[in-house]
Amino acid sequence: MAAPAAASGQSGGSGGGGVYIATPKVSKVTCLRKCASRHRPRGGSLLKVVGTELAGVNALTYLGSYGNGDDLTVKVRPGSNTRLNARVPIGAVTGPISLATAAGGRSAPSRPVLILPPLPPEPNPDLSPVPGPRVNGAPRLETGTSRTKAFVDARPGVTFSYRLSGASAMSLRVELVSAADATVVKTWTPEDVPPDEVQSVSWNGRVGRDAAKPGRYSFRLTAASADGSEARSSQIGDVERDAFDLYDNIFPVRGRHDFGGAGARFGAGRAGHSHQGQDVMAACGTRMIAARGGRVKFKQYHSAAGNYIVIDGDGTEIDYVYMHLDQPSPFSEGDRVYTGQTIGAVGDTGNARGCHLHFELWSEPGWYDGGDPFDPLASLRAWDSWS
Ligand SMILES: [Zn+2]
């Protein structure tokens, strides 16, 4: 963080000829739009900041909790000297805010602003006309997005559909925007733009070969007609229209379940060794899916593990291990599995007391190949919370 000019902000230089650098000051923060209440913004809200020396402010930083790791900065359009509006990015957490001017002035941190988590994205699975005014001469747009929750490497991915009518479009661009920082992570530029026909693009949660960062994303369509009139399906900063949340893993047991007692934990004592995974108790026959897609490394039967399968999590450095399946998995070694695909059902084959999934995570280079098992419970609980 840049050192504030003198606390009073009166002079930026030492001695004569110093340049005056105004130091903005925050006195009050309220929530204007998309708020839980006047004093309770959430990710996606619009804030009103009242203070002094605000005219030159061009950035607002959400300082979050201690440390810089969760700081988020948004651009601010210069407003009046005593008030400005700023959006709350998805991912901003409760904490003070600070304002910065183009000239290098910076406010002291404000009192903490309580920020609630964002609302889930608005479902828009069928085409609907885009809201807002339309530029004369620009095509009329309808858009839709197949889901509001998506998982890296799942099939099908998220599908964005659109239809243009009215003026014919000369150029078309579909952008996938990360709500965390408003960056465009992927762009599609279809060459054919037939009017009145439903077109679509799909995304599987990857950017190139890499998994995209979990978080909120939205599709944005921009179409221009021959005379240059543009139509857009959503405005910059809109984190709800054609938006969805991307997650990196899905919970593998698709039915009632619990995590058992102390004996079900990673590291619990077993005859001659310690428990290398976490047990997930569920009725025999409960559907089991791949928490993360990848290549099947092993699919075998073992007297202790019963029917088991090991999947090399694609785009991760982790092996995922599922044991005691009631039947051998339909997948074989070398097969490609996608996130969320059914890989079997909970059982009690091998040395199992009661029906359960015995689940392990192994670090690189993998299962009985130089890697180590680590406690998967925190991950399982997190996946369970959003799956
Ligand atoms: Zn176990």
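Close-up 1. His 358 is buried, at a relative accessible area of 7%. Asp 279 counts as buried too, with 5% relative accessibility. Buried here means under 20% relative accessible area, exposed means over 50%, and partly exposed lies in between (1.4 Å probe, protein chains only). This is a predicted model, in which local features need pLDDT of at least 70 and side-chain atom pairs count only at pLDDT 80 or more, while totals for chains, interfaces and linings use all residues. Residues are numbered from 1 along each chain as its sequence is written, and side-chain values use heavy atoms, with hydrogens and water left out.

Three residues coordinate the zinc ion: His 275 through NE2, Asp 279 through OD and His 358 through ND1, at 2.0 to 2.1 Å. Along the chain, the zinc donors are spaced as H-x3-D-x78-H. Asp 279 in strand E21 and His 358 in strand E28 link distant parts of the chain, 79 residues apart. Donors are N, O and S atoms within 2.8 Å of the metal (3.2 Å for Na, K and Ca); water is not among the atoms, so sites may look incomplete. Helices (H or I, at least four residues) and strands (E, at least two) are DSSP runs, numbered from the N terminus.

**Close-up 2. The largest pocket.** This pocket holds about 1,200 Å³ of space. Its lining counts 40 residues, and Arg 77, Gln 235, Ile 236, Gly 237 and Asp 238 are the closest to its centre. Strands E4 (72–75), E5 (83–87), E8 (140–145) and E17 (230–232) each give at least two residues to the lining. By class, the lining has 20 nonpolar, 11 charged and 9 polar residues. Ala, Val, Leu, Ile, Met, Phe, Trp, Tyr, Cys and Pro count as nonpolar, Asp, Glu, Lys and Arg as charged, and the others, Gly among them, as polar. On a 1 Å grid over the protein atoms alone, a pocket is an open set of points with protein on both sides within 12 Å along at least five of seven lines, whereas a cavity is a set where a 1.4 Å probe fits but cannot get out; lining residues have an atom within 4 Å of a point. Grid points are joined across faces, edges and corners, and a volume is the space filled by probe spheres set on the points.

**Close-up 3. The second largest pocket.** Its volume is about 600 Å³. Arg 270, His 273, Ala 304, His 324 and Asn 351 are the closest to its centre, out of 22 lining residues. Strands E20 (273–274), E21 (278–281), E25 (319–325) and E28 (356–362) each supply at least two. E28 gives the largest share, 3 residues. The lining divides into 9 nonpolar, 9 polar and 4 charged residues.

**Close-up 4. The cavity.** The whole structure has 1 cavity of 30 Å³ or more. The largest cavity holds about 90 Å³. Of its 13 lining residues, Val 177, Ser 218, Gly 237, Asp 238 and Val 239 lie nearest the centre. Strands E11 (169–178) and E16 (215–225) each give two or more residues to this lining. The classes are 5 nonpolar, 5 polar and 3 charged.

**Close-up 5. A sheet of three strands.** This open sheet runs in the order E1-E2-E5, with antiparallel pairing. E1 (25–33) and E5 are the edge strands, each pairing on one side only. Strands pair if DSSP finds at least two bridges between them. E1 and E2 (residues 46–52) pair over 7 bridges. Lys 25 has Thr 52 in E2 as its bridge partner.
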